[in-house]
Amino acid sequence: MVAGGTRRRDAREPSLHQLRLFLVLAEELHFGRAAARMFISQPALSQQMRALEQRLDLSLLERRTGTLTLTPAGHALAEQAREVLAAMAKLLQVCDAHAGTVRGRLRIGSLGAEAAMPHARTVLDRLRNRHPHLEVEVLNLNFVEQFDALADGTVDAAFLRAPLPTGFQSIELATEPRVICLPADDPLAHESELTLAQIADRAVVNMPPEVPRQWWDHLTINPRPDGTSVRYGPVVRDTEAMVLAVLQKRAITFLPAAARRLYPRPGLTYVDSPELGNSVSCLAWLPANRDAPAVHALRTAARPDAAGTGERRA
């Protein structure tokens with residue numbers, strides 16, 4: 001008797017898949033659009049809805065020529081279905097948390113070739129190995145986009161170069177010397193090292209007004225130690241445009257030493273300059289996103305490579 005009652009009760013229970021299909025149909029009120037959203041055929045959706053109505057012994061939809069509406073029972077079921085699906089999603093999140101599983105999508109920004117740097121590749125490989133169910137998307141960012149994309153949520157985290165504007169947190173991943181990028185026929189191009197005084201008369205590429213001025217002034221050492229201001233030249237939005245401006249002999253620029261490998265170009269020379277100091281590569285995120293499961297997984301994957309003492313608030 002009990003077993004038979006259980007079988008009869010189970011026979012009435014709709015599947016989660018049917019509830020999801022029904023909710024999409026309740027939003028669209030159109031079989032074609034709902035089927036397209038769920039990536040199934042319209043006949044298959046109609047069959048699933050008929051099966052759902054038969055299971056519940058209820059009429060959920062009013063099908064009239066050219067129109068589709070919910071019955072009162074359909075409206076009531078839609079409200080309860082949302083709660084059921086939300087509860088199931090929460091249950092699976094709890095299970096994933098206990099299992100250490102991270103799912104969903106993580107969007108990571110990369111300033112130019114930052115994601116191609118060895119330390120960034122190590123972090124991404126470690127993340128993918130630990131969390132195979134996490135979909136990782138890397139988006140290339142230019143100088144203007146790098147901080148805006150983090151601030152407006154276009155990306156969840158980003159591989160950038162310090163210093164960061166206020167409002168971000170970060171982990172330092174690596175440091176390397178900076179070098180001066182010159183046209184190959186510049187009279188100073190054959191020097192083994194250069195001082196800031198030696199390049200004082202050279203224009204330096206500039207950033208668009210949307211880029212935080214403090215960031216670029218810091219990287220170009222403006223003003224110089226003797227108090228003079230840097231003479232800026234053409235405005236560029238990304239590293240390729242920066243390198244092109246140097247090739248065209250319109251300006252010089254400063255880049256991390258890895259540029260020798262990442263941006264080798266006939267007609268360019270990279271010269272050491274200890275006065276420029278080091279370039280710091282970092283992984284950055286918004287404080288509000290710090291403990292989101294995917295960002296937390298990324299931070300954990302990055303921590304073994306952190307060159308500094310830990311996370312920092314910019």
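A salt bridge is a side-chain nitrogen of Lys or Arg within 4 Å of a carboxyl oxygen of Asp or Glu. Keep that in mind as you look at this model, which is a predicted one.

By that rule, the count comes to 18 salt bridges. Let's pick out a few of them:

| Salt bridge | Closest N and O atoms |
|---|---|
| Arg107 and Asp156 | 3.3 Å |
| Arg202 and Asp201 | 3.0 Å |

Take Arg107 and Asp156. Arg107 sits in strand β3 (residues 104-111), while Asp156 is in the loop between α7 (145-151) and β5 (157-161), so this pair ties together parts that are 49 residues apart in sequence. Arg107 is partly exposed, at 29% relative accessible area, whereas Asp156 is buried, at 15%.

What about the other pairs in the table? Arg202 is buried, with a relative accessible area of 18%. Asp291 counts as exposed at 54% relative accessibility, and Arg290 as partly exposed at 27%.

Salt bridges can also join up: Glu27, Glu28, Arg33 and Arg37 are linked in a network of them.

Now for the helices. The axes of α2 (residues 16-28) and α4 come within 10 Å and cross at roughly 110°. That makes α2 roughly perpendicular to α4, and their crossing is left-handed. On the α2 side, the contact is made by His17, Gln18, Leu21, Phe22 and Leu25; α4 brings in Leu45, Gln48, Met49, Ala51, Leu52 and Arg55. Sorted by type, these contact residues are seven nonpolar, three polar and one charged.

Arg50 is also part of α4 (residues 42-56), and it counts as partly exposed at 45% relative accessibility.

How values were computed
Residues are numbered from 1 along each chain as its sequence is written. This is a predicted model: local features need pLDDT of at least 70, side-chain atom pairs count only at pLDDT 80 or more; totals for chains, interfaces and linings use all residues. Side-chain values use heavy atoms; hydrogens and water are left out. Helices (H or I, at least four residues) and strands (E, at least two) are DSSP runs, numbered from the N terminus. Buried means under 20% relative accessible area, exposed over 50%, partly exposed in between (1.4 Å probe, protein chains only). Axes are lines fitted to C-alpha atoms, for helices over the stretch in contact, and angles run from 0 to 180 degrees between N-to-C directions. Angles under 35 degrees count as roughly parallel, over 145 as roughly antiparallel, 65 to 115 as roughly perpendicular and the rest as oblique. A crossing is left-handed if the near helix is turned anticlockwise from the far one by less than a right angle, and right-handed if clockwise. Contact means heavy atoms within 4.5 Å. Ala, Val, Leu, Ile, Met, Phe, Trp, Tyr, Cys and Pro count as nonpolar, Asp, Glu, Lys and Arg as charged, and the others, Gly among them, as polar.
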